[in-house]
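Me: Please look over the model below and then take my questions on its charged pairs and one of its helices.

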Amino acid sequence: MELIKTRVNRRLVLSEYSGGIRFGTDALLLAHFALSAPGRGMDLGAGSGIIGFLLLTSGRASHIDGIELQPDYVDLCRKNASENGLEARYTAVCRDIRDLHSFPEEEYDFCVSNPPYLPLGCGKENASEPLNIARREVKCDILSVCAAASRSVRSGGSVFVVFRPDRLAALLSALRASALEPKRIRTVCPSSGRKPSLVLVEAIKNAPRGNVSEEQFCIYGDSSHRDYSEGMKNIYNELS
């Protein structure tokens, strides 16, 4: 597969497969949402590794293990880590999220995940198998993602997830079923007055019940979607 290089910011240049999984605004929003997470982290469904790399270069993360099912993308994570000088702090692991017992117990301080958004049978499937696996619950569903995250993070550790707002109930149910209590919820809309298109959730393992709904975040500052909002500009600045 042909590789395309994209300069993410002044610190990162990312190689991605043409026609394959490409990073988007959801990855940037999730990385920023988890920016305060300290210590050793895990990225479930790492793709090209972008979220882990952003956390390593911009946050307090000391090491990231990128968990990815597709061998071609595991190799791509390793290539990107090496080319950005992060190979000592980033490990790409080929692992099936559904194989729960292959995950270490309580080894990580935090976990991030940009999981497949769409359930099986929802809409027309992608012709590209890697894209279909990334976008639909072909190889894992949200409950298996939450179960793997819960097994792997320490008690009191955080799990950060980006998901679709219309499936928020499924996400919250899966988190609580996995002893992960939702604590912060932030909806994301394209611009003011538009319906939310994404939702960000931070959950904490074995925490008491109760959460805070944060102010809705707008990606664009105008209805024509030509100019980023001040909040989005700040995210780019803080991740650079």
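**Salt bridges and burial**

Reply: E230 is exposed, with a relative accessible area of 54%, where exposed means over 50%, buried under 20% and partly exposed in between, using a 1.4 Å probe and protein chains only. This is a predicted model, in which local features need pLDDT of at least 70 and side-chain atom pairs count only at pLDDT 80 or more, while totals for chains, interfaces and linings use all residues. Residues are numbered from 1 along each chain as its sequence is written, and side-chain values use heavy atoms, leaving out hydrogens and water.

Me: What separates K233 and E230 along helix α7?

Reply: The two residues form a salt bridge, that is, a side-chain nitrogen of Lys or Arg within 4 Å of a carboxyl oxygen of Asp or Glu. The closest N and O atoms of K233 and E230 are 3.4 Å apart, and K233 is partly exposed at 37% relative accessibility. Helices (H or I, at least four residues) and strands (E, at least two) are DSSP runs numbered from the N terminus. Because K233 and E230 are three residues apart in helix α7 (residues 230–239), their separation is about one helical turn.

Me: How many salt bridges does the structure hold?

Reply: The pair R40 and D65 is one example, with its closest N and O atoms 3.1 Å apart. This pair links distant parts of the chain, R40 lying in strand β3 (residues 39–44) and D65 in strand β4 (residues 61–68), 25 residues apart. The number of salt bridges in the structure is 16.

Me: Is R184 buried or exposed?

Reply: R184 forms a salt bridge with E202, the closest N and O atoms being 2.7 Å apart. E202 lies in strand β9 (residues 198–205) and R184 in strand β8 (residues 180–189), so the pair ties together parts that are 18 residues apart in sequence. E202 counts as buried at 11% relative accessibility. With a relative accessibility of 19%, R184 likewise counts as buried.

Me: Why is helix α5 largely enclosed by the rest of the structure?

Reply: The buried residues of α5 are I142, S144, V145, C146, A148, A149, S150 and S152. What covers them, through contact (heavy atoms within 4.5 Å), includes β3, β6 (108–113), β7 (153–163), α6 (168–177), β8 and β9. Helix α5 (residues 142–152) is largely enclosed because the number of its eleven residues that are buried is eight.
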